[in-house]
Amino acid sequence: MKIKIDSPLDMHLHLRDEDMLKVVAPLSAQTFSGALVMPNLIPPITTKEQLLDYKNRIEEAKKYNNFKPYMTLFFKSDYTYEFLKEIKKDILAIKLYPAGITTNSEDGVANFSIDVLSPVLEAMSELGIVLSVHGETNGFVMDREAEFIPIYEKIAKRFPKLKIVMEHITTKEAVKALDEYENLYATITLHHLYITLDDVAGGLLRPHLFCKPIAKRPEDRMALRKVAFMAHPKVMFGSDSAPHPRYKKEAPGCAAGVFSAPVALAALAQIFDEADALESLQKFVSQNAQKIYNITPPRKEVVLEKEEFLVPSSYENVVPIFANETLRWKVVDVL
Ligand code: DOR
Ligand code: ZN
């Protein structure tokens, strides 16, 4: 059995920089037609020069031509309207991180008072720039996303024309919010469709499945699966593939991030097939994002076959999800 996916998009991707960029960029560019690239480098991407230089480094590292890196800027509440107006054509979204919530987010937002955020959000709304958000509070780790929902609601109500993407949602509460506010959208990762906290910490600790937001309960996963498998028009695939070198994962202080980009399409085909939802996969990995972001990515046809795929134990020094496991679907051709 074979299926074909046109122009798959990964709307939440960490490509890093330097040696890591050279390892991971081609792995995404091989099978995806484009990706929304996260700005949480050290230092984060906050100027036009940094943004364009980083884009050039991605273009040099990607090795496959028909792959478009859609760039993001790291949210700062002191950007001016003039700056945003000038940079608008070079970015697809601005990514907001609460300060210190995850990898390289120390320069993120510490004060969520609407008065502090308003000038930039107002400008983004007027200019039509999408707000992409890592929505977690600094509360108890299992409750962080649900506790952040009132902040999404506050922003969604105050700026009804601003498109807000709740990144990597993991809870039934976030799924519910999607239908309550017209301007709320969401990405869903591969790993949150597959795993719950039990897979991370229910048996032996599995550091390569440790990420932020942490995987939640079976009923949360069920809510995510439901909207993904029906290709709910407000959800799109965003892998949040977040490579860290093995020594940072297999360590007493394990870095957060699941590396999934090179296996994403095969593993998505597998889980959609098992749910009898293969007909929704095209929308989930491409059309929905094209509509939400108003983009036309480069043409690329990816052929997947129901055939065994032994996932490598590592890609250089990075361990992927499903390392050494056999998936039941495989990418067999890219046209
Ligand atoms: O697990 C994660 N890793 N979650 C994030 O939000 C950031 C990412 C990273 O950059 O490593
Ligand atoms: Zn991320």
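Is Lys-88 buried, exposed or partly exposed? Let's start there. Lys-88 comes out as partly exposed, because its relative accessibility is 34%, and partly exposed is the band between buried, under 20% relative accessible area, and exposed, over 50%, with a 1.4 Å probe and protein chains only.

Quick housekeeping before I go on. This is a predicted model, where local features need pLDDT of at least 70, side-chain atom pairs count only at pLDDT 80 or more, and totals for chains, interfaces and linings use all residues. Residues are numbered from 1 along each chain as its sequence is written, chains are lettered from A and ligands numbered from 1 in the order in which they are written, and side-chain values use heavy atoms, with hydrogens and water left out.

Okay, back to Lys-88. You'll find it in the loop between helix H3 (81-87) and strand S5 (93-96); helices (H or I, at least four residues) and strands (E, at least two) are DSSP runs, numbered from the N terminus. What does the side chain of Lys-88 reach? The backbone oxygen of Leu-127, at 2.6 Å. That's a polar contact, meaning a pair of N or O atoms within 3.5 Å; within protein, one must be able to donate a hydrogen and the other to accept it, and residues adjacent in sequence count only if both atoms are side-chain atoms. If you skip neighbours within four places in sequence, Lys-88 is in contact (heavy atoms within 4.5 Å) with Leu-127, Gly-128 and Ile-129. And from Lys-88 to Ala-99 you go 11 residues in sequence, but 24 Å in space, C-alpha to C-alpha.

Gly-128 and Ile-129 turn up again in the second largest pocket: along with Leu-92, Val-130 and Tyr-293, they lie nearest its centre, out of 15 lining residues. Helix H4 (114-127) and helix H12 (278-293) each give two or more residues to that lining. A pocket, on a 1 Å grid over the protein atoms alone, is an open set of points with protein on both sides within 12 Å along at least five of seven lines; a cavity is a set where a 1.4 Å probe fits but cannot get out; and lining residues have an atom within 4 Å of a point. The second largest pocket holds about 220 Å³, where a volume is the space filled by probe spheres set on the points, and points are joined across faces, edges and corners.

The largest pocket comes in at about 520 Å³. Of its 19 lining residues, Arg-16, Met-20, Ile-42, Asn-104 and Lys-248 lie nearest the centre. Helix H1 (18-31) and helix H10 (246-249) are the elements giving two or more residues to this lining, and H1 has the largest share, with four. By class, the lining splits into nine nonpolar, five polar and five charged; here Ala, Val, Leu, Ile, Met, Phe, Trp, Tyr, Cys and Pro count as nonpolar, Asp, Glu, Lys and Arg as charged, and the others, Gly among them, as polar.

How many cavities of 30 Å³ or more does a search of the whole structure find? Three. The largest cavity has about 120 Å³ of space, and nearest its centre are His-14, Thr-102, Lys-212, Asp-240 and Ala-242. Its lining has five nonpolar, nine polar and four charged residues.

Now the inside. In soluble globular proteins, nonpolar side chains tend to be buried together. Here, the largest nonpolar core has 103 residues, and among those with the most contacts inside it are Phe-75, Met-124 and Phe-272. A nonpolar core is a set of buried Ala, Val, Leu, Ile, Met, Phe, Trp, Tyr and Cys residues joined through side-chain atoms within 4.5 Å. Helix H11 (264-274) supplies the largest share of this core, eight residues. H11 is mostly covered, with 10 of its 11 residues buried. Just after H11, Asp-276 takes a positive phi of about 60°.

Two more residues, then I'm done. Ala-186 is in strand S8 (184-188), and at 0% relative accessibility it counts as buried. Its contacts beyond four places in sequence include Val-165, Leu-178 and Met-236. Ser-7 lies in the loop between strand S1 (2-6) and strand S2 (9-13), and is buried too, at 6% relative accessible area. The side chain of Ser-7 reaches the backbone oxygen of Pro-298 at 3.0 Å.
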